[in-house]
Structure formats: C-alpha cells, structure tokens
Amino acid sequence: MAPYLETVKSFADVPITDAGVDTVTFLEAAQGLVGLFDLLGSAAFAVVQNDLKGNIAKVKARYEATPTLSSTLELLVENEKGEKKRTATEGLLWLLRGLSFTCKALQNAQSNKTEELSAAFTKSYEVTLKKFHNFVVKGIFAVAMKACPYRADFYTKLAADPDGGAPASQEKLNEELDKWLAALSSIVARMDAFYEIGNYAKGF
C-alpha cells in the first residue's frame, strides 16, 4: 500500500475533453474522496458519506443503463433532460454539492496551517451546503463539524502508509493534496456553470 492519496484516483487524472468530464474516472475519484471520511474517523460524518455514496450510485446506475449516452457528465445530464424523473441529474447535482463542501473545507485547512478542521469544515459548510438544508439537517452537520479530529491527527493519517512503510513527507502530502483539490475545484466550477446555463438544477 501507500499513503492514502496515492491509492485512489486523483481528480487531476480525470480526462476532460470538448464533450465534457469523463464519467467513469470522475466517479472513481469521487469514491476516493468518500474514503477520506474514514480517515476523519467520526461516526458523525456518516451522514455525509452516505449521501455521497448514494449520489455516486445514482449517477453510476444511469451510466450503466446508457453508457454510450453517458460517457461524460454533461452528456449524461443532457440525455436525461427529457425524462420525467431525472434521478441521475439530481444525484450528480447533490454529489457536486457534497464534493464542493469537502473540497473547500480542505482548501481552508491547506491555506491556514494553524486552523483546526472543525473551523475549516464549518466555514465551508456556511458557503456550500447550508443554504440547501433544513433545520434538522443543519443540526446534524453542526454535530459532525464539532466531531472533526484534531488537524495533526488527520494529516498524520493522510500521510501514513497502512502497511507500515515510510509516511509521505509533509511537503509531498501538501503538493499532492493541493493538486487533487485544485482539480476537484475546477471540475465542480465547470459543472456548476453547466447546470446554471442549461437550467438543469430546476426543481431540485
């Protein structure tokens, strides 16, 4: 094995062409991000993890049902727009929201090296998911944010090799994480613009 980020598909490796963001590799990278919450090690984050997993499953099911029409995320949404229930379109929208929340939280942590994760995740929640949530869900997320591990513990786990090999250096870890997050941020911004221009989020 190797440190976590070396064992999962990076968003930096997701092909983007004129036709859009490659569906299969995007879902692989999203699955890798879900695993990050295992490193956070709090049961309170189960709600976030389950939400991400459920939405990945919706997009994957659509891809498997119509692979030639769903090779990119944009084509998948475009080809579902005439249907009564746009399950994958809604699933992808919520998946992007969850990815944006996680991405911004970790970017906050990366840009402020003294900030604890609870503060980084809370700030991110305020500008990403909060506006979409009702009172009950906001309460669940507030509990999850308070349950974040200490920053040092999370970064140690992220750098560690589960098989006992040498951990990644802090410099290497920061370089990989920054690259991963920049690529994810770029994909989220691209897809947000796509949803906005096509009015695909209407009704969700």
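# Helix packing and buried residues

Visitor: Which helices do the buried residues of helix 3 pack against?

Guide: This is a predicted model, in which local features need pLDDT of at least 70 and side-chain atom pairs count only at pLDDT 80 or more, while totals for chains, interfaces and linings use all residues. Residues are numbered from 1 along each chain as its sequence is written, and side-chain values use heavy atoms, with hydrogens and water left out. Helices are DSSP runs of H or I with at least four residues, strands are runs of E with at least two, and both are numbered from the N terminus; buried means under 20% relative accessible area, exposed over 50% and partly exposed in between, with a 1.4 Å probe and protein chains only. On these terms, and with contact taken as heavy atoms within 4.5 Å, the buried residues of helix 3 pack against helix 2 (23–40), helix 4 (73–80), helix 5 (87–111) and helix 7 (135–146).

Visitor: What arc around the axis do the buried residues of helix 3 cover?

Guide: The residues in question are Val48, Gln49, Leu52, Asn55, Ile56, Val59 and Arg62. They lie on the same side of helix 3, because their arc, taken from the directions from the helix axis to the C-beta atoms, is only 160 degrees.

Visitor: Which exposed residues does the face of helix 3 turned away from its buried side carry?

Guide: Helix 3 runs over residues 46–65, and its end C-alpha atoms are 28 Å apart, which agrees with the span that its 20 residues should have at 1.5 Å a residue, the expected span being 1.5 Å times one less than the number of residues. On the face turned away from the buried side of this helix, the exposed residues are Asn50, Glu64 and Ala65.

Visitor: Is Arg62 buried or exposed?

Guide: Arg62 has its place in helix 3. Leaving out residues up to four places away in sequence, Arg62 touches Ser70, Leu76, Asn79, Glu80, Glu83 and Ala88. Its relative accessibility is 12%, and Arg62 therefore counts as buried.

Visitor: Which residues does Leu33 touch, not counting residues up to four places away in sequence?

Guide: Leu33 has its place in helix 2 and is buried, with a relative accessible area of 0%. Beyond four places in sequence, the residues that Leu33 touches are Phe11, Leu52, Leu99, Thr102, Trp180 and Leu184.

Visitor: Which residues of helix 7 are buried?

Guide: Helix 7 has 12 residues and reaches 17 Å from its first C-alpha to its last, close to the 16 Å expected at 1.5 Å a residue. Seen down the axis of helix 7, its buried residues fall within an arc of 100 degrees, so they line one face of the helix, and what covers them includes helix 3, helix 5 and helix 6 (117–127). The face turned away from the buried side carries the exposed residues Phe135, Val136, Val143 and Lys146, whereas the buried ones are Phe141, Ala144 and Met145.

Visitor: Are helix 8 and helix 9 roughly parallel or roughly perpendicular to each other?

Guide: Helix 8 (residues 151–159) and helix 9 (residues 170–198) pack at an angle of about 85 degrees, with their axes 10 Å apart; axes are lines fitted to C-alpha atoms, for helices over the stretch in contact, and angles run from 0 to 180 degrees between N-to-C directions. In this pairing, Tyr155, Leu158 and Ala159 in helix 8 meet Gln170, Leu173, Asn174 and Leu177 in helix 9. Angles under 35 degrees count as roughly parallel, over 145 as roughly antiparallel, 65 to 115 as roughly perpendicular and the rest as oblique. Helix 8 and helix 9 are therefore roughly perpendicular.

Visitor: What is the relative accessible area of Asn174?

Guide: Asn174 lies in helix 9 and, not counting residues up to four places away in sequence, touches Gln110, Lys113 and Tyr155. Asn174 is buried, with a relative accessible area of 17%.
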